[in-house]
Amino acid sequence: MSARDSILARLRATSIAETLPLPDVKTWFDAHRRNEDTDQRVTRLRAALQAVKTEVHDVSATDWIEALLRIAASKGLRNLLIGTGTAHGAALQARQPEHLKLLPYADAIDSWRDVLFDDIDASLTLARSAIAEIGSLILWPNASEPRLMSLVPSVHFVLLDVATIHSDFHSAITTEGWKDGLPTNALLICGPSKTADIQQTLAYGAHGPRELVVLLRHAEGAAA
(Lines give C-alpha, C1' and ligand atoms only; values in the text may rest on other atoms or scores of the structure.)
Protein backbone atom coordinates (compact mmCIF):
# COMPACT_ATOMS: atom_id res chain seq x y z
CA MET A 1 0.00 0.00 0.00
CA SER A 2 1.36 3.39 -1.00
CA ALA A 3 1.61 6.30 1.40
CA ARG A 4 -1.29 7.95 -0.42
CA ASP A 5 -3.47 4.88 -0.10
CA SER A 6 -2.52 4.58 3.56
CA ILE A 7 -3.56 8.16 4.29
CA LEU A 8 -6.84 7.79 2.43
CA ALA A 9 -7.58 4.55 4.22
CA ARG A 10 -7.11 6.19 7.59
CA LEU A 11 -9.32 9.10 6.58
CA ARG A 12 -12.06 6.78 5.34
CA ALA A 13 -11.87 4.73 8.50
CA THR A 14 -12.36 7.75 10.68
CA SER A 15 -15.91 8.00 11.87
CA ILE A 16 -17.74 11.15 10.96
CA ALA A 17 -18.50 13.18 14.01
CA GLU A 18 -22.11 13.50 14.85
CA THR A 19 -23.53 16.81 13.77
CA LEU A 20 -24.00 18.93 16.83
CA PRO A 21 -27.33 20.65 17.28
CA LEU A 22 -27.46 24.35 16.60
CA PRO A 23 -27.50 26.56 19.69
CA ASP A 24 -30.91 27.82 20.78
CA VAL A 25 -30.09 31.49 20.45
CA LYS A 26 -33.62 32.73 21.03
CA THR A 27 -33.96 30.89 24.33
CA TRP A 28 -30.61 32.22 25.53
CA PHE A 29 -31.51 35.82 24.74
CA ASP A 30 -35.00 35.43 26.20
CA ALA A 31 -33.44 34.26 29.46
CA HIS A 32 -30.71 36.92 29.61
CA ARG A 33 -32.43 39.95 28.10
CA ARG A 34 -32.78 42.96 30.35
CA ASN A 35 -36.35 43.98 31.03
CA GLU A 36 -35.92 47.65 30.17
CA ASP A 37 -38.33 50.32 29.01
CA THR A 38 -37.54 52.90 26.34
CA ASP A 39 -36.03 55.42 28.76
CA GLN A 40 -33.65 52.82 30.17
CA ARG A 41 -32.55 51.77 26.70
CA VAL A 42 -31.92 55.40 25.80
CA THR A 43 -29.84 55.87 28.94
CA ARG A 44 -27.71 52.83 28.19
CA LEU A 45 -27.20 53.74 24.55
CA ARG A 46 -26.31 57.34 25.43
CA ALA A 47 -23.75 56.27 28.04
CA ALA A 48 -22.07 53.84 25.66
CA LEU A 49 -21.86 56.36 22.83
CA GLN A 50 -20.59 59.20 25.00
CA ALA A 51 -17.93 56.90 26.46
CA VAL A 52 -16.25 56.91 23.03
CA LYS A 53 -16.44 60.65 22.34
CA THR A 54 -19.80 60.70 20.57
CA GLU A 55 -21.97 63.79 20.92
CA VAL A 56 -25.59 62.95 21.74
CA HIS A 57 -28.24 65.67 21.49
CA ASP A 58 -31.89 65.23 22.38
CA VAL A 59 -34.17 66.65 19.72
CA SER A 60 -37.80 66.37 18.71
CA ALA A 61 -39.58 65.86 15.42
CA THR A 62 -40.06 69.62 15.12
CA ASP A 63 -36.80 71.06 16.39
CA TRP A 64 -34.14 68.65 15.07
CA ILE A 65 -33.32 70.85 12.09
CA GLU A 66 -32.69 73.91 14.23
CA ALA A 67 -30.57 71.80 16.56
CA LEU A 68 -28.52 70.49 13.66
CA LEU A 69 -27.97 73.99 12.25
CA ARG A 70 -26.97 75.28 15.68
CA ILE A 71 -24.42 72.49 16.14
CA ALA A 72 -23.11 72.94 12.60
CA ALA A 73 -22.61 76.65 13.23
CA SER A 74 -20.77 76.00 16.48
CA LYS A 75 -18.36 73.73 14.60
CA GLY A 76 -17.86 76.21 11.78
CA LEU A 77 -19.15 73.80 9.13
CA ARG A 78 -19.53 75.26 5.66
CA ASN A 79 -21.52 72.50 4.00
CA LEU A 80 -23.46 69.32 4.67
CA LEU A 81 -23.89 66.30 2.44
CA ILE A 82 -27.43 64.94 2.40
CA GLY A 83 -29.05 61.95 0.74
CA THR A 84 -31.42 62.15 -2.20
CA GLY A 85 -35.09 61.34 -2.00
CA THR A 86 -35.19 61.16 1.78
CA ALA A 87 -37.82 62.81 3.98
CA HIS A 88 -35.24 64.27 6.38
CA GLY A 89 -33.13 65.59 3.50
CA ALA A 90 -36.17 67.24 1.95
CA ALA A 91 -37.15 68.78 5.29
CA LEU A 92 -33.68 70.23 5.66
CA GLN A 93 -33.72 71.65 2.14
CA ALA A 94 -37.14 73.21 2.77
CA ARG A 95 -35.63 75.08 5.72
CA GLN A 96 -33.16 76.76 3.33
CA PRO A 97 -30.41 77.46 5.86
CA GLU A 98 -28.43 80.62 5.14
CA HIS A 99 -25.07 79.64 6.55
CA LEU A 100 -24.87 75.94 5.69
CA LYS A 101 -24.70 74.81 2.08
CA LEU A 102 -26.60 71.60 1.46
CA LEU A 103 -25.10 69.24 -1.08
CA PRO A 104 -27.32 66.36 -2.25
CA TYR A 105 -25.51 63.13 -3.07
CA ALA A 106 -26.90 63.00 -6.58
CA ASP A 107 -24.01 62.16 -8.93
CA ALA A 108 -21.83 59.12 -9.55
CA ILE A 109 -18.77 59.18 -7.32
CA ASP A 110 -16.33 59.19 -10.24
CA SER A 111 -17.49 62.66 -11.27
CA TRP A 112 -16.89 64.38 -7.93
CA ARG A 113 -14.52 62.20 -5.88
CA ASP A 114 -12.07 65.06 -5.26
CA VAL A 115 -14.87 67.32 -4.00
CA LEU A 116 -16.14 64.64 -1.63
CA PHE A 117 -12.73 63.96 -0.12
CA ASP A 118 -11.42 67.53 -0.07
CA ASP A 119 -14.33 69.93 0.30
CA ILE A 120 -17.18 68.26 2.19
CA ASP A 121 -17.24 69.15 5.87
CA ALA A 122 -20.03 66.92 7.13
CA SER A 123 -22.83 64.54 6.22
CA LEU A 124 -26.23 63.60 7.55
CA THR A 125 -27.68 60.09 7.49
CA LEU A 126 -30.68 58.42 9.09
CA ALA A 127 -30.03 55.42 11.33
CA ARG A 128 -32.22 52.42 10.70
CA SER A 129 -32.13 51.65 14.43
CA ALA A 130 -29.73 51.22 17.34
CA ILE A 131 -28.65 48.65 19.92
CA ALA A 132 -28.53 49.74 23.55
CA GLU A 133 -26.59 46.67 24.75
CA ILE A 134 -23.48 47.46 22.72
CA GLY A 135 -24.02 51.18 22.09
CA SER A 136 -24.26 50.84 18.34
CA LEU A 137 -26.08 52.68 15.60
CA ILE A 138 -27.34 50.59 12.70
CA LEU A 139 -27.06 52.15 9.27
CA TRP A 140 -28.46 50.53 6.16
CA PRO A 141 -26.71 52.22 3.20
CA ASN A 142 -28.63 52.41 -0.05
CA ALA A 143 -28.73 54.43 -3.26
CA SER A 144 -30.21 57.42 -1.42
CA GLU A 145 -27.61 57.42 1.35
CA PRO A 146 -24.53 55.54 0.08
CA ARG A 147 -21.84 54.11 2.34
CA LEU A 148 -19.40 56.90 1.51
CA MET A 149 -21.61 59.41 3.33
CA SER A 150 -20.76 57.81 6.65
CA LEU A 151 -17.16 57.08 5.73
CA VAL A 152 -15.58 60.18 4.19
CA PRO A 153 -16.69 63.53 5.71
CA SER A 154 -14.93 64.52 8.93
CA VAL A 155 -18.16 65.12 10.81
CA HIS A 156 -21.02 62.62 10.62
CA PHE A 157 -24.48 63.56 11.85
CA VAL A 158 -26.82 60.64 12.48
CA LEU A 159 -30.54 61.13 13.02
CA LEU A 160 -31.91 58.37 15.23
CA ASP A 161 -35.53 57.85 16.24
CA VAL A 162 -35.86 56.77 19.87
CA ALA A 163 -38.60 54.28 19.00
CA THR A 164 -36.09 52.23 16.96
CA ILE A 165 -33.66 51.50 19.81
CA HIS A 166 -33.47 47.77 20.50
CA SER A 167 -32.27 46.10 23.65
CA ASP A 168 -29.72 43.82 21.97
CA PHE A 169 -28.56 42.61 18.57
CA HIS A 170 -30.84 39.58 18.59
CA SER A 171 -33.86 41.83 19.13
CA ALA A 172 -32.75 44.02 16.24
CA ILE A 173 -32.36 41.26 13.67
CA THR A 174 -35.52 39.40 14.67
CA THR A 175 -37.80 42.43 15.09
CA GLU A 176 -36.62 43.92 11.80
CA GLY A 177 -36.67 40.61 9.92
CA TRP A 178 -33.06 40.66 8.74
CA LYS A 179 -33.36 37.04 7.58
CA ASP A 180 -35.75 38.20 4.86
CA GLY A 181 -33.18 40.44 3.19
CA LEU A 182 -29.81 41.97 3.83
CA PRO A 183 -28.20 44.95 2.09
CA THR A 184 -24.69 44.95 0.69
CA ASN A 185 -23.58 46.77 3.81
CA ALA A 186 -25.19 46.76 7.23
CA LEU A 187 -23.17 49.10 9.43
CA LEU A 188 -22.86 49.05 13.18
CA ILE A 189 -21.27 52.33 14.28
CA CYS A 190 -20.11 52.70 17.87
CA GLY A 191 -18.42 56.12 17.73
CA PRO A 192 -16.05 58.23 15.66
CA SER A 193 -13.50 56.42 13.53
CA LYS A 194 -10.51 55.49 15.65
CA THR A 195 -7.37 53.42 15.63
CA ALA A 196 -4.50 52.77 18.02
CA ASP A 197 -0.79 52.18 17.76
CA ILE A 198 1.22 49.54 19.55
CA GLN A 199 1.19 51.69 22.69
CA GLN A 200 -2.61 51.68 22.58
CA THR A 201 -2.79 55.42 22.07
CA LEU A 202 -6.12 56.17 20.43
CA ALA A 203 -6.26 58.43 17.39
CA TYR A 204 -9.61 59.62 16.07
CA GLY A 205 -10.46 60.21 12.43
CA ALA A 206 -7.66 58.16 10.91
CA HIS A 207 -9.94 56.09 8.66
CA GLY A 208 -13.24 57.97 8.72
CA PRO A 209 -15.19 60.68 10.56
CA ARG A 210 -13.34 62.18 13.50
CA GLU A 211 -16.62 63.40 15.02
CA LEU A 212 -19.91 61.54 15.39
CA VAL A 213 -22.96 63.59 16.33
CA VAL A 214 -26.17 61.73 17.17
CA LEU A 215 -29.46 63.60 17.05
CA LEU A 216 -31.66 61.50 19.29
CA ARG A 217 -35.13 62.27 17.97
CA HIS A 218 -37.89 61.81 20.54
CA ALA A 219 -41.55 61.55 19.63
CA GLU A 220 -43.40 64.82 19.90
CA GLY A 221 -44.52 65.38 23.47
CA ALA A 222 -42.20 62.74 24.91
CA ALA A 223 -39.84 63.80 27.67
CA ALA A 224 -36.25 64.16 26.44
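**Exercise 1.** Work out which residues form a nonpolar patch on the surface, and how much accessible area they have together.

*Solution.* The patch is formed by Ile134, Phe169 and Leu188, which together have about 240 Å² of accessible area (Shrake-Rupley method, 1.4 Å probe, with only the protein chains shown counting as cover for residues). Patch residues have over 30% relative accessible area and no salt bridge, with nonpolar side chains joined within 5 Å and like charges within 9 Å; a salt bridge is a side-chain nitrogen of Lys or Arg within 4 Å of a carboxyl oxygen of Asp or Glu.

The model is predicted, so local features need pLDDT of at least 70 and side-chain atom pairs pLDDT 80 or more, while totals for chains, interfaces and linings use all residues. Residues are numbered from 1 along each chain as its sequence is written, and side-chain values use heavy atoms, without hydrogens and water.

**Exercise 2.** Decide whether Phe169 is buried, partly exposed or exposed.

*Solution.* Buried means under 20% relative accessible area, exposed over 50%, and partly exposed in between (1.4 Å probe, protein chains only). Because its relative accessibility is 36%, Phe169 counts as partly exposed.

**Exercise 3.** Find how the buried residues of helix α3 are arranged around its axis.

*Solution.* First, the buried residues in α3 are Arg41, Val42, Arg44, Leu45 and Leu49. Seen down the axis, these buried residues fall within an arc of 165°, so they line one face of the helix (the arc is that of the directions from the helix axis to the C-beta atoms). Finally, the face turned away from the buried side of α3 carries the exposed residues Asp39 and Thr43.

Technical notes:
Helices (H or I, at least four residues) and strands (E, at least two) are DSSP runs, numbered from the N terminus.
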